Amino acid sequence: AKISHELRTPLHGVLSFTSLLKQSLTSDQAIKTKSDQVGYVDNIAACADGNLRIVNDILDLAKMQHHKLELEIADFDLRTCIESALATVAAMPKAAKLHLGYLLPHDLTLKGDGNRLRQILLNLLSNAVKFTKEGSVRLTCRVMNTEDAMQVQFLVADTGVGISPQDCKHLMQAFSQVTSSISRQPGGTGLGLLICRHLLNAMDSELEFSSVPDKGSKFFFTLRSQGTVHLPPPEAKGKSALIIDSGLGETEILRGHCESLAMKVVSVRSVEVAQLLLTSRHEGTLRQPKYKFDVVLCASTLLNGIDTDLHELNINAGLPWVLVGNVSDAMVGTTNVSHVTSSLLQTNLKDMLLTLFKQSGTDDRALTDKADPSPEKSCDVKSSNAHLDNAPQFAEMTVLSVDDVDMNQIIVQAFVARLGAHVDVAANGNEAINAARNKRYDLILMDVEMPVM
């Protein structure tokens, strides 16, 4: 029943969004609904991709159980492999509420099956995100050289719900999850960890874990491989960075990314302290700065909305600044200011820094952007008011749609709204109860299995 449900839900999404897309294409308001059509196409792709992953998991498990799995051995870039998995995980709705990141001390080329390693990391990271309500999910890599090979340890740590000792025995069973009740936790087939274990066994490794209920979990493994450590780019080596971020986790990620480029790092937790460092001078002279920095990396949240004069922060004094996160309109076009959407991908930050260091000495560096996936979705009760003239009998109806699957929420909301009804959406049982207490609904549509109930 579980695997049937997981297979049918994405297929239902594909068919439903196809129907909505067809209706929007034949509508007289084709121009008005263009953005809706793009959204439907994106959701069709997401549903199909989700179903493809499940089918691939089942086929992979079948191969492994019949000893038909073959690894493809080739050179691959480890950072590219990691960031590809992280970019996919970052697109999960729940990831937007978490601090997601990774640490890798060096750029490496390894010999092995990069696609299978990405699959392992994707399974571990997505599991961590699904079962972490707040806090962080982090991948940490440690590199150790031996006489005949290179050892890389991978550790995925989260601050999620954790696993009780009695549930640990079921963790690696096919089609099983540690919680399987009507108040169900995030969905899934229960194949991910089992596939990781099989793949790692094929790589002469073993998946290990430790967990504390309500504190979080750690999954880790070590790979032995022939490989090459790449030297940091000469443009960045020895450069000095000042990091301004109030979050210790984000500061550690940014520091790790900079140190992987052989940069020197000083970190502070406020703009005011950074200002003191940037304006300090040696005694007896007003010309020689006491601290020399080549770039400032600053969390954009520390600057957005404050009244500090940009000149006081030395932003316009020739020292390049890189803002990490979403920037305010006031900062757009500011000389010497660049921008990366988040600290998630070191590659984006590295490209930005190398560009700035190559440009050092030029005076015209207006805000430039380097984006990476950081989708934001809300799980709060939401409302939609879409009325159609062809169904006036539904115009006065109010409907509450309750479902913990984002795709199902969008589908029900779109179909009911097309009938002219007013639709509210709740993501779990508790939200549904609160909504029903505060408002009288003509109809409540609820999934059979509902979390937080």
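**Side-chain pairs in a predicted model**

Colleague: Leaving aside neighbours within four places in sequence, which residues is Ser126 in contact with?

Modeller: The cut-off here is heavy atoms within 4.5 Å. With the neighbours within four places set aside, Ser126 is in contact with Val89 and Met92.

Colleague: On to charges. How many salt bridges does the structure hold?

Modeller: A pair counts when a side-chain nitrogen of Lys or Arg is within 4 Å of a carboxyl oxygen of Asp or Glu. On that basis, the number of salt bridges in the structure is seven.

Colleague: How far apart in sequence are the parts that Asp75 and Lys111 tie together?

Modeller: Asp75 and Lys111 form a salt bridge, with the closest N and O atoms 3.1 Å apart. Asp75 belongs to strand 1 (residues 74-77) and Lys111 to strand 3 (residues 107-112), so the parts tied together are apart in sequence by 36 residues.

Colleague: And is Asp75 buried or exposed?

Modeller: The line for exposed is over 50% relative accessible area. Lys111, its salt-bridge partner, has 43% and counts as partly exposed. Asp75 comes out at 54%, so the label is exposed.

Colleague: What about Asp107 and Arg79: how far apart in sequence are the parts they tie together?

Modeller: The side chains of Asp107 and Arg79 meet in a salt bridge at 2.4 Å, N to O. Asp107 is in strand 3 and Arg79 in helix 3 (residues 78-90), so the parts they tie together are apart in sequence by 28 residues.

Colleague: What is the relative accessibility of Arg79?

Modeller: Buried means under 20%. Asp107 is at 16%, so Asp107 counts as buried. Arg79 counts as buried too, with a relative accessibility of 2%.

Colleague: Where does Arg138, the salt-bridge partner of Glu252, lie?

Modeller: Glu252 and Arg138 meet through their side chains at 2.9 Å, N to O. The pair links distant parts of the chain, 114 residues apart, with Glu252 in helix 7 (residues 248-259) and Arg138 in strand 4 (residues 136-145).

Colleague: Is Arg138 buried or exposed?

Modeller: Glu252 has a relative accessible area of 39%, so Glu252 is partly exposed. Arg138 has 19%, under the 20% limit. That makes Arg138 buried.

Colleague: Now the rings. What is the angle between the planes of Phe154 and Phe221?

Modeller: There are two aromatic pairs in the structure. Phe154 and Phe221 are one of them, stacked, with centres 4.9 Å apart and an angle between the planes of 15°.

Colleague: Last one: which ring does Lys239 lie over?

Modeller: The limit is 6 Å from the ring centre for NZ of Lys. Lys239 is at 5.4 Å, over the face of Phe357.

Key:
Residues are numbered from 1 along each chain as its sequence is written. This is a predicted model: local features need pLDDT of at least 70, side-chain atom pairs count only at pLDDT 80 or more; totals for chains, interfaces and linings use all residues. Side-chain values use heavy atoms; hydrogens and water are left out. Helices (H or I, at least four residues) and strands (E, at least two) are DSSP runs, numbered from the N terminus. Buried means under 20% relative accessible area, exposed over 50%, partly exposed in between (1.4 Å probe, protein chains only). Rings of Phe, Tyr and Trp (its six-membered ring) pair if their centres lie within 6.5 Å; planes under 30 degrees apart count as stacked, over 60 as edge-to-face and the rest as tilted. A charge sits over a ring if NZ of Lys or CZ of Arg is within 6 Å of the ring centre and within 35 degrees of the ring normal.
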